[in-house]
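Morning, everyone. Please look at the screen, and I will walk you through the model.

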Amino acid sequence: MIPTYAANIAIAIRTSLMDRTNFILNSAGMVLNDIFFLILWYMFFVGFRQVGGWGLHDVARLLGIIMLVVAISGVFFGGYRDMAATILRGEIDALLTQPKSVLPRLLARESIATAWGDLVMGIWMLCTFAALSLYDLPFVLIGLVCGTVVYVASAVVYASLAFWFAGARSFARDLTDFMLLFSSYPGSIYAGMTKVVAYTLLPAGFIVLAPVAFLRGPSFSTLGVMVGAALCYAAFAALAFHLGLRRYRRGLVPTG
Amino acid sequence: MPSTMPRAEFRGTLSAAFSAFALGVRRNLANWPILMGRALFYLVAMAVLSALWDKVSAQRVAGTLASSLPHGGLTLYIGVTEWITLSVAAIHLRLEDDIRLGMLEPHLLRPKPYLLQKIAEAMGDSVARLLGIGTAALIALVLSGRTLPPPIAYFYVAILGPIGTAIGVLIYAAVGLAAFWVRRVLPPYIITQKIWFLLGGLFAPIGLYPAWFFGIAIVSPFAASIFMPGNMMIAPSATAFAADLAAQIAWLIALSALVALIWRAGLRKVLREGV
């Protein structure tokens, strides 16, 4: 399965790079977008110094990690973004007749050009503003892997709603946007209901907050939470997609 | 006779623009699930942003700008700026599609001006969003138990908010017309949007910026679009309202002229070189 996935995603990446001007404009646009985000937070911390114990370094870690999670997901699993639309348009019919699994084929359908801008900015932000050393690199990598798994898995769950609801296309995108929104703010602001949402429905807690906590103070308990969450969300995504696909095979899926 | 012809033509153009405006409103209201989705997005964004500012206000760290925050925090201000930002219709995408796909030609043969029709339709679209998201905002505000602003503040915001949204539509129209020169308007859109957030004071009033930066932001159309209406929630005053209204009208005229200029330049390019 892995060689097939690698071959598919390599084609998708090459396709996204083909139109050079478009690729450069999109990536540069995303870099500027991220720079403005950084300026906003920089100005915030110049004025207010900290929020609930989080300072500029912590937010830089958070932004660096979420940018890299979105970048890795966009470049290597870019099909997640329009998966609901793909399902509703009936485009997985052709994949059903092929011997390879459907979900990896869907994820490898597209590579998003703007994600390269996030990749550059995420690395730059972690290297310059996050006050990290080389010693922290393994912790960053573990956080990135776990965060990316939870992010892509959640996006797959949202997209799988298309197996049940015709209006799932925009709703799935909205949920992914909500998840990003929750992931872009310091964890210290969440309490009560917003904290419950941040660790369940829109799992920003597992995508960035737990990895940032892991960087602030590495511990086996945080590592266990991150790995456990990644496994649980991945399993749930696989189950939701599998159940949906069973409906699809029976012809019970709404068309969009 | 010759003098009545342009007047009749003008009346016809206005009537067509009004029809496009009404179409925008009705289409958006008919797509009520999407409108509800936008309202939900607004509420989620407000939950996060109010949590942030409530935390900052509650801490009141000495020696920081926290001491200059209004008593009730910035939730009401952010409520207005987000309301306007999320209500601005994505006219840039429609313009990009029409220009890139060569769909302008049939429109140019028609007697009604294409750009005015598109802008009027986007304005109608935005008004429906203002109504939908505004209703959700008011319900959430009442249910939140927060201290409500004086009634006059609602009046000021009800005037300045829609005009701020109209300024936003014109800004995005200018971005959409960039499709005459670039293949995708996403990069100029992203850049403009972020400048708007920064200079407009989407997340914090520009009064909290350093003086030199405030001086730049306040004379921009972005501040007229969202900061001025939002500020009425934390510091409502008749004098500021009058000044803000004048600034907004001036920006509406200036941006309309700018959009018309870009349109003419773009059209000349298309007629000369094609898409």
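Let's start at one residue. In chain B, helix α2 is followed by B:Arg60, and the phi of B:Arg60 is positive, near 45°. Keep in mind that this is a predicted model.

Now step back into the helix itself. Helix α2 of chain B covers residues 32-59. That gives 28 residues. From the first C-alpha to the last, α2(B) reaches 40 Å. The span expected at 1.5 Å a residue is 40 Å, and the helix is close to that.

Which residues of α2(B) are buried? Among them are B:Arg38, B:Ala39, B:Tyr42 and B:Met46. Further along come B:Val48, B:Leu49, B:Ser50, B:Ala51, B:Leu52 and B:Trp53. B:Lys55 and B:Val56 are buried too. Here is a point to remember about helices. An α-helix has 3.6 residues a turn, so residues three or four places apart point the same way.

What do the buried residues of α2(B) pack against? Partners come from both chains. From chain A there are α2 (20-48), α9 (168-183) and α10 (193-198). From chain B there are α3 (75-87) and α6 (114-144).

Next, chain B as a whole. How many helices and strands does chain B have? The count is eleven helices and zero strands. Read along the sequence, the pattern is α-α-α-α-α-α-α-α-α-α-α.

How does chain B compare with a compact globule? With 275 residues, such a globule would have a radius of gyration near 19 Å. Chain B has 20 Å, which agrees. Along the principal axes, the C-alpha atoms of chain B fill a box of roughly 65 × 40 × 35 Å. Of the 275 residues, 45% count as buried. Now take the contacts in chain B with a separation of 6 or more: residues 24 or more positions apart account for 82% of them.

Over to chain A. It has twelve helices and zero strands. The radius of gyration of chain A is 19 Å. The globule rule gives 18 Å for 256 residues, so chain A is as compact as a globular protein of that length. The C-alpha box for chain A is roughly 55 × 45 × 30 Å, again along the principal axes. In chain A, 48% of the 256 residues count as buried. And of the contacts between residues at least 6 apart in sequence, 81% join residues at least 24 apart.

One thing to take away: the buried residues of α2(B) pack against helices of chain A together with helices of chain B.

Conventions: Residues numbered from 1 in each chain as written. Chains lettered and ligands numbered in written order. Predicted model: local features only at pLDDT ≥ 70, side-chain atom pairs only at ≥ 80, totals over all residues. Helix = DSSP H or I, 4+ residues; strand = E, 2+ residues; numbered from the N terminus. Rg over C-alpha atoms; globule rule 2.2 N^0.38 Å. Buried ≥ 20, exposed ≤ 12 C-beta atoms within 10 Å, placed from the backbone. Contact = placed C-beta atoms within 7 Å. Expected span 1.5 Å × (residues − 1).
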